[in-house]
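The sequence and the structure come first.

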Amino acid sequence: MSLKPIKTEEDYRQALVEVERLFDAPLNTPEGDRLEVLTTLIEAYEEQHHPIESPLPYQAILYHLESRQQPVASFIEGLKRRGVSEQVIQDALNEAFLINS
């Protein structure tokens, strides 16, 4: 694959295949340089055509808890121990519920 701008989904898929092939290329080699350029091109294409939206705060918290298999109740207890008031916690939970429904 020759280096060129990524303009189409086909270009994008080809670039991903090439990155996978070059993934373990050593730094400061022609292959490593090619990998670096391709990942930069892919990143620019993804930002424009496949943007990832930031999660809402409650979604980020739930993901964090689920990925560590930590119950929500222990997270809430931790907030209380750090001085977060019951009202603030309740308001946040209500807001998350309203957004999610």
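Is T29 buried or exposed? In this predicted model, T29 is buried, because its relative accessible area is 19% and the cut-off for buried is under 20%. T29 belongs to the loop that runs between α1 (9–22) and α2 (30–49). A polar atom of the T29 side chain lies 2.8 Å from the backbone oxygen of P26.

**Packing of α1 and α2**

The crossing of α1 past α2 is left-handed. On the α1 side, the contact is made by E9, Y12, A15, L16, E18, V19 and L22. On the α2 side, the contributing residues are E31, R34, L35, L38, T39, I42, Y45 and E46. By class, the residues of this contact divide into nine nonpolar, one polar and five charged.

L38, located in helix α2, is one of the contact residues. L38 counts as buried because its relative accessibility is 1%, against a limit of under 20%. A15 of α1 also takes part in the contact. The C-alpha atoms of A15 and L38 are separated by 6.6 Å, although the two residues are 23 residues apart along the chain.

**Salt bridges**

The model contains six salt bridges.

| Lys | Partner | N to O distance |
|---|---|---|
| K4 | D11 | 3.5 Å |
| K80 | E77 | 3.7 Å |
| K80 | E86 | 3.0 Å |

K80 forms salt bridges with E77 and with E86. K80 and E77 are three residues apart in helix α4 (residues 72–81), so about one helical turn separates them. K80 is partly exposed at 32% relative accessibility. Elsewhere, salt bridges that share partners join E18, R21 and R34 into one network. Of these, E18 of α1 and R34 of α2 are also among the residues that make the contact between the two helices.

How values were computed:
Residues numbered from 1 in each chain as written. Predicted model: local features only at pLDDT ≥ 70, side-chain atom pairs only at ≥ 80, totals over all residues. Heavy atoms only, no water. Helix = DSSP H or I, 4+ residues; strand = E, 2+ residues; numbered from the N terminus. Buried < 20%, exposed > 50% of the residue type's maximum accessible area, 1.4 Å probe, protein only. Polar contact = N/O pair within 3.5 Å; in protein donor to acceptor, adjacent residues only side chain to side chain. Left-handed = near helix turned anticlockwise from the far one by under 90°. Contact = heavy atoms within 4.5 Å. Nonpolar A, V, L, I, M, F, W, Y, C, P; charged D, E, K, R; others polar. Salt bridge = Lys/Arg side-chain N within 4 Å of Asp/Glu carboxyl O.
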